[in-house]
Amino acid sequence: MLWRLRRNCLRVVRVTKFVALAVRSCVFAVRDVRSGPPLPPAPDISLSNTWAATAMCKGSLDQYGKDDEPSQKKKPLGQFKGKNKSGKPPPKKMPSNVNYNDADPAWFVKTMPDLALQSFEPASALSDINDDKIIKAIQETVFDTAIGEPLAFPMRSMRAFRAYGLPSSNKWSYTSFSILFSAVRDVTVQLLTQVNAEGQRVRSVPEPTGIILQGRSGCGKSTLLMQAVSHCVENGWIVMYIPRGIDLVNSSSPYQYDARSKLFQQPEIARGLLKGLVDLHLEELAKIRTVGDVLYGDKGQTFAAGGELLRLAQIGLEDEVDKTAVLEGVLEQLGKQTEYPFLFAVDDFGAMYGNSIYRDPQFFPIKGYHLSIPRIVLEYAIGERQLSRGLVLGAIGPLHTLHTTPVPLREAIGAELCWKDAAAGAYAKRHPAQVHYSQGLRGFPVPDELGVEAARGWYKTWIQGFVMHTLQDRNVLRHMGAEEEPGSRNPKGNETC
Amino acid sequence: MHLLGVNLPDGHLVYRALRSFYGLNYHLSQRLCSRFQIHLRTRVSELTDPQISALSAYLSSPSTVAPPLRCQRAPPGFRASLSDPLPAPERSKRMDDLALLKLESEGRRVVRENIAHYREIGTYRGRRHAMGFPVRGQNTQSNARTARRMNRLERRGYVT
């Protein structure tokens, strides 16, 4: 009985304490509002020097003109409540229909040059890629005058994306436009400069070739990777692109254990990669001749030396063939030749380091590097397989919570650690195999900010492309440099978003 | 597709369609799929003939299934050549949980025998089964419809 009384007394004390705190905070709040300092005046926002998305809000932007003071007659932003002179609330307005006659059909043609380089002269001797003069010479010919411009992917790049697929994170924006495009950023110039420099190097011994894009989610790693793939395809590289590395480990394709290699083969994924290679690089593969006999079956099937690499790749598309062995043979030949630089681009690079969704017959989980295709990618990245000319370009994918990027990879590429791993320090989990497959990798940081020029380019394309069909803010279009028909404004002056 | 008299719709995922068999649910279905190296996104129409044979052999007689393969993993840096000899398959020597499963008629028989055992030894649970009342302490003043319909000594395992 007594303990019940005590418990109820404690409850009363806790409630009254909470009420006292609440009352005290209200009193302080009231006191602050009454006696606080006056609010600063509204800043002079002009679209030429600010993030244009702030314009996407209800109301006209006239009051924020360059030389205008906020007019007392015009309503400030956000205060549309209240009644008009008759005492009734203002009637709600539906957004008016888009006038497609305003669209300039030649706009895309005029303002979207190809992503491909118009004039690029590779440096003849790139013995030291850290030489500032060489890098500066390359930068002067690559996108130096087009920062922020939205550029369309050319036809050959579109063939590459059709052959290999698109990353899932970018799909939403491409359904709104007739052609795929992306904005060129400073980091695009930097990345392609580094890619070009790597493409000029010829390696006589196996070396680590992995460059991994790292940054926060949404900073544009997948888009940068697509730009790099497009650039390399247009400039004569041989490209193999895995847009969704998550599909290698999420139990979405058949798998079978191979006791000889002690790995789990993924024949359908190998076939898909070979098919994409054949579809995209038919002529290049026909010109490359194999060096040495290529063994592609456990029954002694051999592809003779001097044959066309295209024929070997086409053998991998047939049934009843060890597709993984054919893929390994094709990649080995591509790694040995030096005529064409080879780009192996993989998105969601970190998914290959942890547990996959696959399970073995005893129901033990299978690690990503015990699957054949991820194993091939990692071995090329850290230099266990030779890549004489080219590089492995990856991007970590922070969105997939089941396949997080492990600590050793993050440390190797300079990515940010989560607070738990950072606090653990030396005691964070570092699996020896993950450490092994992280050595020699280089990180390429992608900044969080989009950049004002690139943001303006995106915004122009969205508005002038009439994607946001309810937005008809003529003032915004006038600021952005689009033509305006006289008398096209709503006479009442209220624009809708 | 019909498998041992049970219709598995072609468009269904295999690990979900296997729940049609009495005694299998999601977890055991996934274990079955991993035992025969069927990936989780396989549809019933995409099953190969060896996989169908293996599944039907197991479902007809779970106790006679072969022990699972021991899949050794390649350590970092290990590279094998196609000219190397193929090692002999190694089977696990641990106790196989899937071999102890009781499915379909055997599973129903186990449930019937348990209920009969409770009645035979004169327990409260046996009496409740015999009277057709809820067994697990539910209210009988209202509701208890399922118990009245299904609880009996000779439990059918399906709704009439």
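Predicted model: local features only at pLDDT ≥ 70, side-chain atom pairs only at ≥ 80, totals over all residues.
Reader: How many disulfides are found over all chains of the structure?

Author: A disulfide requires two cysteine sulfur atoms within 2.5 Å. The sulfur of Cys33(B) has its closest cysteine sulfur in Cys71(B), too far away for a bond at 16 Å. Over all chains, the number of disulfides found is zero.

Reader: Is Cys71(B) buried or exposed?

Author: A residue counts as buried when its relative accessible area is under 20%. The value for Cys71(B) is 8%, so this residue falls in that class. Cys71(B) is therefore buried.

Reader: Which three residues supply more than any other three of the area that chain A buries against chain B?

Author: Between them, chain A and chain B bury about 3,000 Å², with 57% of this area on carbon and sulfur atoms. Of the part that chain A buries, 26% comes from three residues: Arg260(A), Pro361(A) and Phe363(A).

Reader: Which side chains meet in a salt bridge?

Author: The count of salt bridges between chain A and chain B is one, alongside 13 residue pairs in polar contact. The cut-off from nitrogen to carboxyl oxygen is 4 Å. At 3.3 Å, N to O, the side chains that meet are those of Arg73(B) and Asp360(A).

Reader: How many residues of the side of chain A that touches chain B are charged?

Author: In chain A, 39 residues are in contact with 32 residues of chain B. Elements that each supply at least two residues to this side of chain A include strand S10 (355-359) and helix H12 (372-382). The residues of this side divide into 18 nonpolar, ten polar and, as the charged group, eleven.

Note on methods. Residues numbered from 1 in each chain as written. Chains lettered and ligands numbered in written order. Heavy atoms only, no water. Buried < 20%, exposed > 50% of the residue type's maximum accessible area, 1.4 Å probe, protein only. Contact = heavy atoms within 4.5 Å. Buried area = accessible area lost by both parts, 1.4 Å probe. Polar contact = N/O pair within 3.5 Å; in protein donor to acceptor, adjacent residues only side chain to side chain. Helix = DSSP H or I, 4+ residues; strand = E, 2+ residues; numbered from the N terminus. Nonpolar A, V, L, I, M, F, W, Y, C, P; charged D, E, K, R; others polar.
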